[in-house]
Amino acid sequence: MAGEKKGFFSRLREGLNKTRDNIVAGIDAVFYGASEIDDDFYEELEEILIMGDIGVNATNDIIERMKEDVKKRHLRQPSECKELLVESIKEQMCVGETAYDFEKKQSVIFVIGVNGVGKTTSVGKLASILKGQGKKVLIAAADTFRAAAGDQLAEWAHRAGVDMIGGADGADPASVIYDAVNAAKARKADILICDTAGRLHNKKNLMEELRKMNRIIDREFPDAHRENLIVLDGTTGQNALSQAREFGEVADLTGVVLTKMDGTAKGGIAVAIQSELNVPVKYIGVGETIEDLQKFNADEFVNALFDVKTEDGREPEELSADSPDEAAVTAEHADAQDGKSEDPVPEAEVPDAGDPEGEDPGETVSGEDACDDDSAEKPKKKWFFWKGGK
């Protein structure tokens with residue numbers, strides 16, 4: 001595990017090379033090139049931070065805090081301000097003590113985002129992290145529109161050693177969520193992770209579908225702790241911030257999964273997201289393998305960004321020690337590869353699979369309202385662990 005940890009931090013630091021070149025080189029030019037701490041110094045620093053996707057709000061906070069600290073400490077040399085900058089960014093990005101409370105409760109994790117950001121792979125990796133903590137995890141494959149999305153998620157579920165609830169291609173995603181919630185309750189799952197179809201944040205009908213799924217969870221599983229994670233592509237910079245704002249209007253965002261940080265020049269967006277939206281980055285991804293998603297740690301992220309070493313010259317500790325070894329997961333759950341669930345689960349009624357805009361999902365679902373036999377029948381695939389209808 002120590003080798004894996006070092007490998008992840010090294011990949012993160014290497015992945016932030018472009019961001020470091022984009023931001024840190026310019027910052028060092030200001031810190032070590034300016035003759036005094038004056039208005040010109042602050043203006044140059046502000047410009048570099050904004051150009052580096054740090055964000056206007058975050059930059060303003062950093063500059064104002066730096067001015068206060070300069071006065072308190074009676075600093076005179078610009079080079080003395082670099083440490084203030086690093087510490088200020090760490091403080092802004094610090095994840096609160098309650099950020100991972102969902103791990104300690106029976107929870108539903110709702111994962112949303114646009115197409116291509118890595119939602120499905122993040123769901124699988126997150127399931128692996130939680131499974132490694134000894135949690136009983138269930139995945140809902142509510143992305144029923146993208147071709148082979150269910151098969152892709154089934155492969156990730158297989159790698160993580162967890163069960164998955166699926167639906168037929170083109171089925172109403174809300175009906176899959178309904179099935180999954182009932183399965184989670186029946187099996188006494190600790191955590192239900194819901195994958196959703198990628199959608200443009202400016203498509204009203206698709207965003208309304210998210211509201212519908214949220215209402216079903218609230219109605220059918222009111223006692224569950226809710227965690228709404230948005231997956232953002234770190235390479236998209238300020239566009240990721242726009243996506244988060246739009247999705248935040250239909251879901252109460254509790255955290256961000258920041259993916260594709262291996263090679264982006266726009267890694268500063270992680271700082272902007274936390275400051276602009278007051279939504280913490282909770283997980284960060286730097287690769288494609290199942291252990292390449294880790295809990296976010298502000299100190300280690302900023303250390304990697306600025307290539308900071310600890311006082312004794314060693315690399316900082318890894319972002320998280322919670323992700324299980326993939327080989328260990330595979331060995332531990334080899335018996336689960338036949339695609340069968342240990343727990344027998346009763347059949348459940350599912351809501352009508354019609355147009356999500358034409359149905360009020362807040363209404364109580366009864367036997368008459370459930371899908372009929374023909375519409376509820378789903379094709380048999382190895383990854384269908386739960387089947388609604390009769």
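The backbone oxygen of Gly-118 lies 3.1 Å from a polar atom in the side chain of Thr-121, a polar contact in the sense of a pair of N or O atoms within 3.5 Å, where, within protein, one must be able to donate a hydrogen and the other to accept it, and residues adjacent in sequence count only if both atoms are side-chain atoms. The model is predicted, so local features are given at pLDDT of at least 70 and side-chain atom pairs at pLDDT 80 or more, while totals for chains, interfaces and linings use all residues. Residues are numbered from 1 along each chain as its sequence is written, and side-chain values use heavy atoms, with hydrogens and water left out.

Thr-121 belongs to helix α6 (residues 119-132); helices (H or I, at least four residues) and strands (E, at least two) are DSSP runs numbered from the N terminus. With a relative accessible area of 15%, Thr-121 is buried; the term buried applies under 20%, exposed over 50%, and partly exposed in between, for a 1.4 Å probe and protein chains only. Leaving aside residues up to four places away in sequence, Thr-121 touches Gln-152 and Trp-156, where contact means heavy atoms within 4.5 Å.

The protein as a whole has 14 helices and eight strands. Of its 390 residues, 54% count as buried. Among contacts with a separation of 6 or more, 78% join residues 24 or more positions apart.

Arg-76 lies in the loop between α4 (56-73) and α5 (82-93). Its relative accessibility is 59%, and therefore Arg-76 counts as exposed. The C-alpha atoms of Arg-76 and Glu-36 are separated by 6.9 Å, although these residues are 40 residues apart along the chain.

Helix α12 (residues 298-306) is mostly covered, with eight of its nine residues buried. Among them are Phe-301, Val-302, Leu-305 and Phe-306. At the start of α12, a side-chain oxygen of Asn-297 comes within 3.0 Å of the backbone nitrogen of Asp-299. Just after the helix, Asp-307 has a positive phi of about 55°.

Two packed helices are described by the angle between their axes and the distance between the axes. Axes are lines fitted to C-alpha atoms, for helices over the stretch in contact, and angles run from 0 to 180 degrees between N-to-C directions.

| Helix pair | Axes come within | Crossing angle |
|---|---|---|
| α8 and α9 | 9 Å | roughly 25° |
| α5 and α12 | 8 Å | roughly 140° |

Angles under 35 degrees count as roughly parallel, over 145 as roughly antiparallel, 65 to 115 as roughly perpendicular and the rest as oblique. The pair α5 and α12 is therefore oblique. The contact involves, among others, Leu-85, Val-86 and Ile-89 of α5 and Phe-301, Val-302 and Phe-306 of α12. The residues of this contact comprise eight nonpolar, one polar and three charged; Ala, Val, Leu, Ile, Met, Phe, Trp, Tyr, Cys and Pro count as nonpolar, Asp, Glu, Lys and Arg as charged, and the others, Gly among them, as polar.

Helices α8 and α9 are therefore roughly parallel to each other. Residues including Ile-177, Tyr-178 and Val-181 in α8 meet residues including Met-213, Ile-216 and Ile-217 in α9. The contact of α8 with α9 contains eight nonpolar, no polar and five charged residues.
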